[in-house]
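Here are my notes on this model, point by point. Have the coordinates open as you go through them.

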Amino acid sequence: MRRWLALNRRGLRAVLIGAISLALFLLAWHLLTENRVVFFIRFTNVPSPSAVYESLTRAMQDSTFFTHVVLSCRRILFGFSLAALIAVPLGLVMGRFRVAHEILFPVMEVLRPIPAIAWVPMAIMLWPTNEQSIIYITFLGSFFPILVNTLHGMSLVDPVLVRAAQCLGAREVSIFREVYFPASLPHIFTGLTVGMGVAWVSLIAAEMISGQFGIGYFTWEAYSLVQYADIALGMICIGVLGLGSSALIRGLGRLVMPWNRT
């Protein structure tokens with residue numbers, strides 16, 4: 001037992017500090033809302049933690065809430081997976097071949113600063129259904145962070161390693177597989193983590209504007225109906241789902257890159 005505690009001391013410490021931090025946050029939230037504090041920020045209409053918990057209890061008994069959550073997760077899965085499958089190979093190719101970089105980079109740089117929410121009207125015109133347009137917005141939100149981080153990883157590959165592989169007779173495919181790809185993986189997973197966060201932001205914005213289901217639509221509908229506790233519940237649900245999906249990516253990164261413990 002002592003040995004296990006010694007080996008996992010840092011992880012246990014992080015969990016303990018995190019639990020204390022969350023407890024202090026909930027306590028502050030409770031005190032501010034119960035006393036209806038007004039100090040620059042108004043807490044008069046902000047629901048208390050107990051009110052949000054009651055809203056969660058009611059939502060757990062209603063299958064509609066689970067439908068919202070499942071649809072949002074499905075949209076994230078489709079949009080983010082498609083973005084990763086396209087952005088990572090494209091970033092590798094653009095980072096390796098100058099011609100591809102010169103052709104594609106200007107277009108990507110023009111499109112990249114456009115907020116995902118600005119794409120909503122165009123997405124509605126481009127795609128025949130709201131579902132496809134929402135997935136497209138989610139795809140765009142995660143595509144550019146993944147692409148940029150992959151390009152950055154390719155630019156940092158040590159050219160000495162590439163020349164060494166070439167001197168040993170490695171062909172282009174082998175250089176990609178054995179040098180460029182492993183060296184870029186930490187940056188690729190950084191891009192995947194950032195892209196997942198932006199994907200959730202884009203998804204919620206799209207669901208609020210053009211969706212009929214989804215956790216973003218649930219939150220916006222609660223605002224329209226002046227159901228403050230449901231608004232907070234939707235926001236917390238978005239945060240938990242985003243945290244869980246990013247944690248899955250980081251866990252996958254640790255499995256794929258056992259040599260990288262930073």
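1. The crossing of α10 and α11 is left-handed, meaning that the near helix is turned anticlockwise from the far one by less than a right angle (clockwise would be right-handed). The model is a predicted one: local features need pLDDT of at least 70, side-chain atom pairs count only at pLDDT 80 or more, and totals for chains, interfaces and linings use all residues. Residues are numbered from 1 along each chain as its sequence is written, and side-chain values use heavy atoms, with hydrogens and water left out.

2. As for the geometry, α10 covers residues 215-224 and α11 residues 228-256; they pack at about 160° with axes 8 Å apart. That makes α10 roughly antiparallel to α11. The cut-offs are under 35 degrees for roughly parallel, over 145 for roughly antiparallel, 65 to 115 for roughly perpendicular, and oblique for the rest. Axes here are lines fitted to C-alpha atoms, for helices over the stretch in contact, and angles run from 0 to 180 degrees between N-to-C directions.

3. Who makes that contact (heavy atoms within 4.5 Å)? From α10 come I215, F218, T219, A222 and Y223, and from α11 come D230, I231, L233, G234, M235, C237 and I238. By class, the α10 and α11 contact has nine nonpolar, two polar and one charged residues. Nonpolar covers Ala, Val, Leu, Ile, Met, Phe, Trp, Tyr, Cys and Pro; charged covers Asp, Glu, Lys and Arg; the others, Gly among them, are polar.

4. Have a look at T219, which sits in α10. With 5% relative accessibility, T219 counts as buried (under 20% relative accessible area; exposed is over 50%, partly exposed in between, with a 1.4 Å probe and protein chains only). Neighbours within four places in sequence aside, T219 touches M208, I231, G234, M235 and I238.

5. Now compare α4 (residues 63-96) and α5 (residues 98-111), whose axes come within 6 Å and cross at roughly 125°. That makes α4 oblique to α5. On the α4 side the contact uses L90, V93, M94 and R96, and on the α5 side R98, A100, H101, L104, F105 and M108. This set divides into seven nonpolar, one polar and two charged residues.

6. Finally, the whole chain. There are eleven helices and two strands, taken as DSSP runs numbered from the N terminus (helices H or I, at least four residues; strands E, at least two). Buried residues make up 37% of the 262 in the chain.

How values were computed: Contact means heavy atoms within 4.5 Å.
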